[in-house]
Amino acid sequence: MASVVILTGAGVSAESGLGTFRDVDGLWTKYDLNDVATPEGFARDPALVHDFYNARRANCRGAAPNAAHRALARLQREHPGRVTLVTQNVDDLHERGGSDEVWHMHGALNGALCAACGHRWDAPEQMAPSDPCPGCGAPATRPDVVWFGEMPYLMDEIYARLEAADLFVSIGTSGNVYPAAGFVQVAAGAGAQTLELNLEPSEGASLFDAARHGPATEIVPQWVAEVLA
Ligand code: APR
C-alpha cells in the first residue's frame, strides 16, 4: 500500500490567521530574521528573541486549526499505507487538528530548551532570559525551535522515510529553505511521485511531477478525499 510523506510549511496555517514568512506582510517583512531566528541574534539580545516567540506563542494559542490540518489528520487515520507528516512549522495546529504524530523538523513553540545543559520541558506561555532551567538552574532558557544555521531535527528519520516513499506531497511552503526544500529531489530520486499543493507555484515548482494551486483549506481536503476514495 502506498507510503506517503507530507511536508508542510507556513501556508498550511495561513488561513488559521498565523502569518507566513515570505508573503506580503509576512513575518520576515516585520522582523529581521538575523535578530530573532539565529543563535547570534539570541546571544546579542535574548529578551528580543523571547518577546518574538512569546508573541508567536500567544498568536498560536488564539488560532484554530483549519480544514487542511483536519484533512491531513483524517489521511493519517484512514489511509491504510504509512503516512509521515513532517512540518517546518513550530505551531501546534496539526496536533490540535487531530494529528497524533507530527515530526517538527524546526522544533515547536510549545517546547523549551536549556542552552546550557540541553534539558527540554513544556514552554510556559511567556519565557524570559532570566528563567532558570528546571534541570540545571542556569538562566539559559530558549525556545526549542531550530534557528538558521542550526541542524533541523529528525533528519535521519526523515531521509529514511523519503527513500521509502511512493508519494511525496509538499503543502504550503515556498521551497526557499533547505534542507526541507531538497526533500522533493530525495523522494523523486528514490522513485516517488511528487505533488505540490500550494497557493501559487513555489521556488521548487518545476521539480514536482504535479501541482495544484489554491488555498490549502480547499485543495488539501479535496486531495485527501480523492486519495481515500
Ligand atoms: N494556502 C496554501 N498555501 C499558502 C497559503 C494558503 N492559504 N498562503 C500562503 N501560502 C504559501 C505561499 O504561496 C508560500 O509559498 O505558503 C508558502 C509560505 O512560504 P514561507 O512564508 O516562505 O513559509 P515556509 O515555506 O514555511 O518557510 C520555511 O523558513 O523562515 C523559515 O523556519 C522558517 O519554517 C520556516 C521556513
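Before we click on anything, one term: two residues are in contact when they have heavy atoms within 4.5 Å of each other. Also keep in mind that this is a predicted model.

**Stop 1: the whole chain.** Show everything as a cartoon. Along its principal axes, the C-alpha trace spans about 55 × 35 × 30 Å. Of the contacts between residues at least 6 apart in sequence, 64% join residues at least 24 apart.

**Stop 2: the surface.** The accessible surface comes to about 10300 Å², and carbon and sulfur atoms account for 51% of it. Now colour by charge: there are 15 positive and 29 negative charges, and their mean positions lie 4 Å apart. Buried residues, meanwhile, make up 48% of the chain's 229 residues.

**Stop 3: S3.** Hide the surface and select S3, which sits in the segment before β1. Is S3 buried or exposed? Buried means under 20% relative accessible area, and S3 has 12% relative accessibility, so it counts as buried. Leaving out neighbours within four places in sequence, S3 is in contact with R82, A164, A165, D166 and L167.

**Stop 4: R161.** Next, pick R161 in helix α7, which runs over residues 155-163. Setting aside residues up to four places away in sequence, R161 touches V5, R82, T84 and W103.

**Stop 5: the nonpolar core.** The largest nonpolar core has 20 residues. Select I6, L72, V169, I171, L197, V220 and W223, the members that touch the most other members. Which elements each supply at least two residues of this core? They are β1 (4-8), α5 (67-78), β2 (83-87), β7 (167-171), β8 (193-198) and α9 (216-228). Of these, α9 gives the most, with 5 residues.

**Last stop: L72.** Zoom in on L72 and show what surrounds it. Not counting residues up to four places away in sequence, L72 touches I6, T8, V12, L85, H94, S99, I171, V220, W223 and V224.

Key: Residues are numbered from 1 along each chain as its sequence is written. This is a predicted model: local features need pLDDT of at least 70, side-chain atom pairs count only at pLDDT 80 or more; totals for chains, interfaces and linings use all residues. Side-chain values use heavy atoms; hydrogens and water are left out. A nonpolar core is a set of buried Ala, Val, Leu, Ile, Met, Phe, Trp, Tyr and Cys residues joined through side-chain atoms within 4.5 Å. Buried means under 20% relative accessible area, exposed over 50%, partly exposed in between (1.4 Å probe, protein chains only). Helices (H or I, at least four residues) and strands (E, at least two) are DSSP runs, numbered from the N terminus. Accessible areas come from the Shrake-Rupley method with a 1.4 Å probe; for residues, only the protein chains shown count as cover. Lys and Arg count as positive and Asp and Glu as negative; His and the chain ends are not counted. The place of a charge is taken as NZ of Lys, CZ of Arg, CG of Asp or CD of Glu.
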